[in-house]
Amino acid sequence: MSTVEQRFPTGAPTSVSDLLAEVTSEPPGGRLRVGDPRVSDFLVAFARRLLAPSVARRFPELASLGFFLRRGELEKTIAAATPPLGQLRFPRGVVFHVPPANVDTIFVYSWALSALAGNPNIVRISSRSAGAAVAVLDALNTTLADADPAIAQTQRMVTYGRDDAVTAALSQGCDLRVIWGGDRSVTDIRRHPLRPSARDVTFPDRSSFAVISAAGWRAADAAARRDVAIGLYNDSYWFDQAACASPRAIYWVGEPEAVREARDELFGLLAEVVESKGTEVDAAMSVEKRVSTYGLAAEGVASEVRFAGNAIATVELVEPGLVPRRWLGVGTFPQAQVGSLDDLVSIVERRDQTMSHFGFGTDELVGFAEQLAGRGVDRIVPIGDALTFSSVWDGYDLLREFTRLTTVQSR
Amino acid sequence: MTVATSVFSKSQAERDVSLLQELTELTEHHRAASVEYRRILDAIGHPAGRRYERVADLPWLPVRLFKHHALKSVPDDEVFKVLTSSGTTGAEVSRIFLDKEAAAAQQRMLSATIQTVIGPNRLPMLLVDTKALFKNRRSFSARGAGVLGMMNFGRDHTFVLDENERPDLDAVRGFLAKHGDQPFLIFGFTFMAWLYLYELARDEHLDLSNGILIHSGGWKKLIDQAVDNAEFRRRFAQDTGLTRIHNYYGMVEQIGTVYVEGPSGNGLYCPDFADVIVRDPVTWEEVPVGTPGVIEVVSTLPRSYPGHILLTEDRGVIHGIDDGDWPGKRFSILGRLPRAEARGCSDTFQGAA
């Protein structure tokens with residue numbers, strides 16, 4: 001039987017069968033329940049470590065995670081999942097998480113919500129994990145000292161190589177499998193069958209875009225405009241514009257002349273933000289951006305490619321529908337002008353995840369979402385909030401996915 | 001051979017004039033012949049008929065573009081040869097399209113360049129490689145093609161390594177017994193010349209003093225051994241008598257154009273039909289002599305595909321102009337730019353990126 005390396009809690013290599021037996025046996029103090037205080041206390045203490053200046057300075061993305069796990073936030077999440085009268089919410093069972101290999105902290109969100117739902121969890125940590133992921137594991141292990149023993153028993157993070165036997169055994173042993181890491185990873189992991197009663201929550205390849213109303217821009221004051229530039233900066237540069245929620249295109253809604261004006265001003269402001277943050281895009285990335293954008297031009301997708309230093313590249317799309325969706329290098333903004341939000345309805349695809357916006361009213365946004373009718377775009381959020389994780393993600397209400405309902409009716 | 005036929009003859013001033021004119025003409029030729037190239041020029045602000053004052057003002061393409069796009073300036077039915085190169089990642093392959101004329105031209109200019117250092121005749125040739133190179137189809141394209149291309153310049157080919165990639169002392173001894181008293185050619189990749197030929201020759205006291213070594217491939221694999229160009233030349237001279245050593249730099253995307261190290265080892269030189277420009281990695285402006293930057297290569301050879309002005313992913317520095325063994329710029333390659341990598345939700349990035 002293949003063994004796995006134990007990263008949290010740290011421990012000697014163990015077999016999958018022992019691992020499954022341990023997480024499923026009843027811990028002292030009883031099985032975890034939805035919103036179990038043993039878990040929320042642990043998460044809150046963990047969050048405090050992430051928010052410590054020494055950690056937050058090195059990995060700003062961990063500070064956001066820390067905010068997400070504050071007590072008030074956790075309570076809100078639990079409260080939102082309160083079942084109606086006559087229904088009881090219980091943990092789903094053993095959850096096997098397969099996060100992306102190329103280090104992202106997103107898996108912590110999915111694990112934390114699943115733990116909050118009272119599930120025993122087994123998280124596969126990539127052997128390539130480094131940086132923020134290692135800081136997360138350190139913080140978790142340190143927090144364990146004061147935690148209820150049920151945490152160490154039921155919450156496990158493990159590393160194993162390309163061992164299909166381990167993946168197969170964990171897939172057989174779980175009640176829910178959560179697969180991050182895009183299409184290839186989902187397809188790859190799905191080769192391993194689940195028990196008939198189990199199912200998958202998958203996070204396939206996604207891409208995102210931003211929309212800005214030229215009229216809304218004109219109506220905004222200088223401070224609001226600057227906030228848009230800062231928001232666009234955060235959404236785009238934080239994960240090298242490679243997060244699924246980072247905008248890979250900007251659509252401008254309005255008359256061409258007004259759009260041109262707004263666009264020039266926004267990119268002027270963005271350049272100031274890039275400058276003030278001291279963001280450096282190195283030569284290799286700059287070359288990467290030229291390879292991808294010149295390629296768009298060669299394909300007849302881009303009619304204009306402009307570089308404002310290494311950090312910002314703008315690409316004029318020949319048509320709004322020719323949006324590339326793929327990663328083009330950090331700080332690359334394909335753009336197109338459209339007359340109204342309606343023009344985007346036919347362009348949106350299932351794989352479009354987040355539409356970040358500025359300058360639109362709630363009615364316009366709701367109207368747009370109703371026209372899309374779920375055929376694409378799972379999140380419509382203000383520019384600047386694209387990367388803010390929520391317990392509703394990719395169209396899933398995760399706490400509901402991580403739990404089951406029991407109906408109780410009496411005569 | 002005579003000095004008159006050397007392709008290392010033009011001063012920088014002469015070269016600047018002829019290259020500006022020829023490369024501008026080539027730019028217009030490719031614009032007319034390749035719709036992809038025309039679209040790129042239009043998009044980056046180089047419309048038809050734009051005047052250029054300096055070679056450095058001409059629009060360059062990133063060399064990796066040839067790994068993602070089929071860029072060519074000849075109709076499909078005139079494509080005579082498609083060259084490919086595997087990159088370091090293996091998955092990406094450049095495709096370079098040659099028509100008959102371009103294939104002949106590149107061969108002719110490569111010969112003229114190499115003959116500058118070896119003379120007009122084919123010399124007995126020692127290859128620091130293995131014959132098995134041509135049996136393994138997988139590794140053939142990369143290393144094999146390079147070796148095969150150079151084999152044209154020699155005769156009585158002898159491989160330094162046996163089929164199991166172990167030094168074949170008997171073969172080398174036999175070669176030297178037969179040809180070692182007259183000029184002979186040695187070719188190999190830099191790290192192989194060091195790891196296999198140098199060590200063998202040193203340990204076995206082989207006399208390579210009549211050899212002319214032509215090598216390429218970079219120093220990365222020799223960093224562990226603390227061997228740079230100067231040390232390489234010094235030790236070969238001291239321990240094997242080999243003093244005629246010419247490193248060279250070139251790439252499949254500018255096939256036929258090779259930048260050759262001068263006899264004194266003080267830098268690489270550009271053949272008359274080519275040049276290098278070093279650019280600042282932030283402003284992308286040309287930098288002065290002595291300042292390191294990213295290497296752009298220009299050559300008048302690429303006529304069947306728009307590869308006449310390319311930004312490489314190599315860092316380099318120009319040491320001097322018209323001040324060395326041969327006229328023009330002399331320069332060194334300092335290493336490669338790191339490959340840009342992104343993090344994100346997805347394990348793999350699709351498409352061209």
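What pLDDT does chain B average, and what share of the residues score at least 70? Colour chain B by confidence: the average pLDDT is 89, and 90% of the residues reach a score of at least 70. Keep in mind as you go that you're looking at a predicted model. For the model, the scores are ipTM 0.91 and pTM 0.89.

Now select residues 347-353 of chain B. Here the pLDDT is below 50. Even so, this stretch has 24 contacts in the model beyond near neighbours in sequence.

Domain 1 comes in two pieces, 15-75 and 267-336, and domain 2 covers 109-249. Where domain 1 of chain B meets domain 2 of chain B, each contributes 5 residues to the contact. What classes of residue does domain 1 of chain B bring to that contact? Its touching side has 5 nonpolar residues, with no polar and no charged ones.

Last stop: hop over to chain A and select residues 3-8, strand E1, along with residues 10-15, strand E2. These two strands of chain A run antiparallel and pair over 4 bridges. The hairpin that joins E1(A) to E2(A) does it through 1 residue. To see a pair across the strands, click A:Arg7 and look opposite: there's A:Thr10, in E2(A).

While E2(A) is still selected, how many of its 6 residues are buried? The count is 0, so to speak a strand that is hardly covered.

Note on methods
Residues are numbered from 1 along each chain as its sequence is written. Chains are lettered from A and ligands numbered from 1 in the order in which they are written. This is a predicted model: local features need pLDDT of at least 70, side-chain atom pairs count only at pLDDT 80 or more; totals for chains, interfaces and linings use all residues. Domain bounds come from an automatic or database domain assignment. Two residues are in contact if their C-beta atoms, placed from the backbone, lie within 7 Å. Ala, Val, Leu, Ile, Met, Phe, Trp, Tyr, Cys and Pro count as nonpolar, Asp, Glu, Lys and Arg as charged, and the others, Gly among them, as polar. A residue is buried if 20 or more other C-beta atoms lie within 10 Å of its own, exposed if 12 or fewer, and partly exposed in between; C-beta atoms are placed from the backbone. Two strands pair if DSSP finds at least two bridges between them. pLDDT is the predictor's confidence in each residue, from 0 to 100.
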